[in-house]
Amino acid sequence: MEQQYCSNKPSSSSSCKAADRKTIEKNRRNQMKDLYMKLNSLVHHDQHTKEFLSLPDQLEEAANYIKKLQIDLEKMRLKKETLTASAGTLNSNSNSSTNTNGRTLENTLPLPHIEIHNVNSALEVLLITGLDYHFMFNHIIRMLHEDGVQIISANYTLVGHTIFHSIHSKVGESATSSAAKIISEKLKQFVGAAAT
């Protein structure tokens, strides 16, 4: 609209250009503000910091969050590589195997194998089994339910003849850390007894 008005008055072309630049700059600032808001909404914020952060602080927090995600991604990639290589080793029934980086893996995990990680009220169970131990996953889910543990997610991945089960759960708020340790011991005893 402004351009049409400006084109009818050639004598005021310099004021029209200034108005166009102002409009363009205003649109650019609004677009940048929207992009900053989107970036800020994607960054995980501590629940303790509820005060408003300045724009440079928000950008620094976003940069630190991205670096943390990159480090976490690298750790997960290495863990996946190790687990995949150990699964390949277990499937070939050999004492050593070479993974994608050329490293040799000695001392593979006997199947079935269970790892339990307890952080605050979160309980993460990683169960690695062969195809002949598929019943263990259902038993562990049942045992967790019997102990009052809330299952948040449960999934599995099949790699060759090895199954990687992952269970993310939450121990009740009123339960103590000793209750989580008792549950962990029960699960380890069950897996150990089933393996023999």
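Leaving aside neighbours within four places in sequence, which residues is I114 in contact with? They are V125, L126, L127, I140, L187, K188 and V191, where contact means heavy atoms within 4.5 Å.

## Model and confidence

This is a predicted model, in which local features need pLDDT of at least 70, side-chain atom pairs count only at pLDDT 80 or more, and totals for chains, interfaces and linings use all residues. Residues are numbered from 1 along each chain as its sequence is written, and side-chain values use heavy atoms, with hydrogens and water left out.

The average pLDDT (the predictor's confidence in each residue, from 0 to 100) is 76 for the protein chain, and 73% of the residues score at least 70. The pLDDT is below 50 over residues 93–107, a stretch with 24 contacts in the model beyond near neighbours in sequence.

## Overall layout

Five helices and six strands make up the elements of the protein chain. Helices (H or I, at least four residues) and strands (E, at least two) are DSSP runs, numbered from the N terminus. Their order from the N terminus is α-α-α-β-β-β-β-α-β-β-α.

Of the 196 residues in the chain, 24% are buried; buried means under 20% relative accessible area, exposed over 50%, and partly exposed in between (1.4 Å probe, protein chains only). The chain exposes about 14,000 Å², of which carbon and sulfur atoms supply 56%. These areas come from the Shrake-Rupley method with a 1.4 Å probe, and for residues only the protein chains shown count as cover. Among contacts with a separation of 6 or more, 45% are between residues 24 or more positions apart.

## Strand pairing

Two strands pair if DSSP finds at least two bridges between them. Strands β3 and β4 run antiparallel and are joined by seven bridges. Their hairpin has two residues between the strands, and N120 takes a positive phi near 50° there.

Strand β4 (residues 122–130) is also joined to β6, by nine bridges in an antiparallel arrangement; L127 stands opposite H165 of β6. Nine bridges likewise link β6 to strand β5 (residues 150–159), again antiparallel, and N155 has S166 in β6 as its bridge partner. β5 and β6 form a hairpin with two residues between them, where G160 in the turn has a positive phi of about 65°. Seven of the nine residues of β6 are buried.

## The nonpolar core

A nonpolar core is a set of buried Ala, Val, Leu, Ile, Met, Phe, Trp, Tyr and Cys residues joined through side-chain atoms within 4.5 Å. The largest one has 19 residues, of which I114, I140, L144, I167 and L187 touch the most other members. At least two residues each come from β3 (113–119), β4, α4 (135–146) and α5 (177–195). The most come from α4, which gives six.

## H113 in strand β3

H113 lies in β3. Is H113 buried or exposed? It counts as buried because its relative accessibility is 19%. Its bridge partner in β4 is I128. Leaving aside neighbours within four places in sequence, H113 is in contact with L126, L127 and I128.

The side chains of H113 and E115 are joined by a polar contact of 3.4 Å. A polar contact is a pair of N or O atoms within 3.5 Å; within protein, one must be able to donate a hydrogen and the other to accept it, and residues adjacent in sequence count only if both atoms are side-chain atoms. In a regular strand the side chains alternate between the two faces of the sheet.
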